[in-house]
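Work through the exercises below with the sequence and the model side by side. Try each task before reading its solution.

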Amino acid sequence: MADTALQVGIIVGYMLVALGVGVVAYRLTERTAEDYYLASRTLGTVVLLFTTFATLLSAFTFFAGPNISYGAGPEWILVMGLMDGVIFAVLWYVLGYKQWLVGKANGYVTLGEMLGDRFGSLRLRLLVAGVSIFWLFPYVMLQQQGAGTAIEALTGGAVPYWAGAGAITLFMIGYVALSGMRGVAWTDTLQGAFMLVMVWAAFVWVASAVGGVGSATATLGDVDGNFLALGGGTYTPEYILSTAISIAFGVTMFPQVNQRFFVAESKAVIKRTLPLWPVLVVLLFVPAFMLGSWARGLGIQAGANENVLPLLLAEYTPAWFAALVIAGAMAAMMSSSDSMLLSGSSYFTRDIYRPFVAEASEQREAFLGRVGVAVFATLSFVASLFQPATLLDIGDFAFGGFAQLALPVGVALYWTDTTRWGMYVGIVGSQAFYLSSEFTDVVPASFLGGWSSSVVGMVLGLVLTVTVSLVTSHALGEDASVYATGAD
């Protein structure tokens, strides 16, 4: 009982510190929609880098990541660490820098707003917002599910799943509604640094407890099967490449990540983050994935729906330290969820509410944004109570859905002959293809030896966007000149 009280106390204490940062940010936040959603586009290099880092590396990293390496081997560091880090860094420049130039010149807050203006189409704006909110929902749910299972495992069931997930949800509603992007960015910076320190501390502690890194790694050779082969001998190279591509392109279109392309203070800030990003990603994935692999070699028994990291920590570290690491995982989850809630709210108010209300004031929009945060978080919490799938399955599902947007958006940013019909067909066609592969037998889940339906759907979306654009004329209202500032 004493250990449980200590563990809960550590997690609550950490959350109160984060809430304090949010309160300070609230006092500095202007009561306008742009300041609430984008911190008036004033983020510098360190804050932009860490808020993006913390936003991306969520429950999927802290729990699904070690679970993957527990089942498939440590070589997944190459897939989800190095490969994803490099691909996303390239996309950050190719898509992100171009989007920053356009957004800065035209005052855009959301991707839907930018594309709707580019093509003079409210329907396209609504389509992009709808698709984004649809895929955002399961990923917010993933964070709540991860929080609930982590706290339940850490406390040995003393704090039940629903209470842990519910407490984290209420906390996120409070400080996101209060502080907006400025508070989210500041707390993300705190949380990103904290989770990086804690995962390395866990790595060192577990290694010391079992006789060093060499001893811990040597146990992997005793695992049955091809544990040290790429993908554990289970997955084909095509599947591994598909996973890396789908995740990298998918996170680029996550609303909470995509909006970071609008908030940089200057072009220098965007460019400086490019080489730093892969370094941060590798620094987090190496210890997280190795801990999962070591757990397998050390004989930790994790069930199908259990997360291996809390079990490993419970075995080899004291209760107070395990609670600190789980607090780091809570930081990862909250730093993703807060940004998701803020972005989902901005898509609702900017792309769905604002176009239909001619006299929507900035203050009322900011207020509705806060209400939207509460509604979205509550609905996803209710869905998380049913635990519909594993964290890996939910994350992979959402990555693939967002990835379908990436290539049509890239075409629109760089090719002035893109038409609204090309965008309609490219987005709807690829989304329909991907959803059919997930929910029906009409479209297979993989092609040609293991290429995932997500990657095949991306290619289909690109082909449809370009082909339909070539055979349709520019409709009245399309204005590629709004992207002229991207010629820099």
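A residue counts as buried when its relative accessible area is under 20%. Keep in mind that this model is predicted.

**Exercise 1. Which residues of helix H6 are buried?**

Step 1. Find H6 at residues 111-118.
Step 2. Apply the cut-off of under 20%. Leu111, Gly112, Glu113, Met114, Leu115, Gly116 and Arg118 pass in H6.
Step 3. Sum up the helix. H6 is mostly covered, with seven of its eight residues buried.
Step 4. Look past the end of the helix. Gly120 follows H6 and has a positive phi, near 55°.

**Exercise 2. Is Thr110 buried or exposed, and what does Thr110 contact?**

Step 1. Thr110 sits in the loop between helix H5 (76-106) and H6.
Step 2. Read its accessibility. The relative accessible area of Thr110 is 0%, so this residue is buried.
Step 3. List the contacts, setting aside neighbours within four places in sequence. Thr110 is in contact with Gln259, Phe262, Ser346, Tyr347, Arg350 and Asp351.
Step 4. Compare sequence and space. Thr110 and Gly344 lie 234 residues apart in sequence, yet their C-alpha atoms are 9.9 Å apart.

**Exercise 3. Which members of the largest nonpolar core touch the most other members?**

Step 1. Take the whole set. The largest nonpolar core has 126 residues.
Step 2. Pick out the members with the most contacts. They are Leu115, Trp277, Trp294 and Met330.
Step 3. Find the main contributor. Helix H8 (residues 161-209) gives the most to this core, with 16 residues.

**Exercise 4. How do helices H10 and H18 lie relative to each other?**

Step 1. Locate the pair. H10 covers residues 237-253 and H18 covers residues 453-471.
Step 2. Take the axes. Those of H10 and H18 come within 8 Å and cross at roughly 60°.
Step 3. Name the arrangement. H10 and H18 are therefore oblique to each other, and their crossing is left-handed.
Step 4. Find the residues that meet. Ser242, Ile245, Ser246 and Phe249 of H10 meet Ser454, Val455 and Met458 of H18.
Step 5. Sort them by class. The contact of H10 with H18 has four nonpolar, three polar and no charged residues.

**Exercise 5. Is Gln431 buried or exposed, and which residues does Gln431 touch?**

Step 1. Gln431 belongs to helix H17 (residues 420-439).
Step 2. Check the value. Gln431 has 7% relative accessibility, so this residue counts as buried.
Step 3. Leave out residues up to four places away in sequence. Gln431 then touches Val131, Trp135, Gly401, Gln404 and Leu405.

Definitions and conventions:
Residues numbered from 1 in each chain as written. Predicted model: local features only at pLDDT ≥ 70, side-chain atom pairs only at ≥ 80, totals over all residues. Heavy atoms only, no water. Core = buried A, V, L, I, M, F, W, Y, C linked by side-chain atoms within 4.5 Å. Buried < 20%, exposed > 50% of the residue type's maximum accessible area, 1.4 Å probe, protein only. Helix = DSSP H or I, 4+ residues; strand = E, 2+ residues; numbered from the N terminus. Axes fitted to C-alpha atoms, helices over the stretch in contact; angles between N-to-C directions. Parallel < 35°, antiparallel > 145°, perpendicular 65-115°, else oblique. Left-handed = near helix turned anticlockwise from the far one by under 90°. Contact = heavy atoms within 4.5 Å. Nonpolar A, V, L, I, M, F, W, Y, C, P; charged D, E, K, R; others polar.
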